[in-house]
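Below is a short report on one structure.

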Amino acid sequence: MKLIKAALVTGASRGIGAQIAINLAEKGYAIGINYSKQEEKAFNVAKKIESLGGQAILLQGDVANKNDVNQIVNKLVDKWGNINVLVNNAGISRDVRLVNMTEEEWDSVIGTNLKGTFLCSQIVGQIMSKQQAGSIINIASIVGITGRIGQANYAASKAEIIALTKGFAVELAPDKVRVNVIVPAFIGSDMTKNLSPEALENVLRTIPMGRMGSSEDLAKMVCFLADQDMEYVSGQVFHVDCRIVQS
Ligand code: NAP
């Protein structure tokens, strides 16, 4: 079987994940586009990659479901023979104050964000360990460090992703598998499009550069960390937020 440089991007049908998939494809990776429900959007990302001369396959599945993750990873490895990069990007938010939060709102966010990152990292990590090579890149959030009203579930999931990154990086370092985490703040996407003008103004006030980050800003950092030349960079936390100033 011909071995091709391959990357799996979870939650790549839209937003940040779609841009990460496109940028990695431009760097020569064949891309596994994971998504949950929005097949048409995932299909459009694959078409875009193909129009750039790249290769992509659609990998539907819930990252919080072990059977789904096994099937996603097996399909990718069957097609391309190996897996060089995993980007744990799939994530959701269900915002409500903690005192009113239902168990379902807690479980769904922790399930997709944290358990999803755990399952994908574990299953892909086993393959990368055998390969003695690979880069796992997790996407956390500034909310996992600062907390935010109405986002206790989301904050907890993202804080744990930072902790999981450090633990897994130590375990996989002897196998030459690197694990790093990117901490974005405010990135223009479906997740942030409903911010009120007032909330947006408050956000922009905390960013000296005066603009929200873009998916492209994050995708560039992912490509940097994916690069095999970065072999001595693991277990690190990378803030891509142009320095949020805390009052
Ligand atoms: P988004 O636009 O809402 O896209 C979410 C993606 O995740 C979609 O592709 C969605 O698939 C997929 N997804 C959701 N649940 C899934 C599941 N159970 N299994 C597999 N895929 C699933 O989100 P985004 O704003 O691009 O955010 C991407 C990541 O960056 C998230 O981890 C988020 O927490 C983090 N982040 C975002 C911001 C921001 O300002 N936007 C800031 C900090 C961190 P479908 O399209 O099929 O639903």
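## Cysteines

The structure holds zero disulfides. This is a predicted model. A disulfide is a covalent bond joining the sulfur atoms of two cysteines.

Cys223 takes part in no disulfide. The nearest cysteine sulfur belongs to Cys120, 19 Å away. A disulfide needs two cysteine sulfurs within 2.5 Å. Cys223 has a relative accessibility of 11%, so Cys223 counts as buried.

Cys242 is in no disulfide either. For Cys242, the nearest cysteine sulfur is that of Cys223, 20 Å away. Cys242 is partly exposed, because its relative accessible area is 34%, and that value falls between the 20% and 50% cut-offs.

## Helix 1

Helix 1 covers residues 15-26, twelve residues in total. From first C-alpha to last, helix 1 reaches 17 Å. That is close to the 16 Å expected at 1.5 Å a residue.

How many of the twelve residues of helix 1 are buried? Nine are, so helix 1 is mostly covered. The buried residues are Ile16, Gly17, Ala18, Ile20, Ala21, Ile22, Asn23, Leu24 and Ala25. After helix 1 comes Gly28, with a positive phi near 100°.

## A loop glycine

Gly53 sits in the loop between helix 2 and strand 3 (56-60). Is Gly53 buried or exposed? Gly53 is exposed, because its relative accessible area is 64%, and the cut-off for exposed is over 50%.

Ala25 is one of the buried residues of helix 1.

## Ligand site

Around the ligand there are 32 residues. The closest are Ser13, Arg14, Lys37, Tyr154 and Ser189.

Which backbone atoms lie 2.7 Å and 2.8 Å from ligand oxygen atoms? A polar backbone atom of Gln38 is 2.7 Å from an oxygen atom of the ligand. A polar backbone atom of Ile187 is 2.8 Å from a ligand oxygen atom. Asp62 contributes a polar side-chain atom, 2.9 Å from a nitrogen atom of the ligand. Taken alone, the ligand exposes 910 Å². The protein buries 94% of that area.

Key. Residues numbered from 1 in each chain as written. Predicted model: local features only at pLDDT ≥ 70, side-chain atom pairs only at ≥ 80, totals over all residues. Heavy atoms only, no water. Helix = DSSP H or I, 4+ residues; strand = E, 2+ residues; numbered from the N terminus. Expected span 1.5 Å × (residues − 1). Buried < 20%, exposed > 50% of the residue type's maximum accessible area, 1.4 Å probe, protein only. Near = heavy atom within 4 Å. Polar contact = N/O pair within 3.5 Å; in protein donor to acceptor, adjacent residues only side chain to side chain. Areas by Shrake-Rupley, 256 points an atom, 1.4 Å probe, with all protein chains shown as cover.
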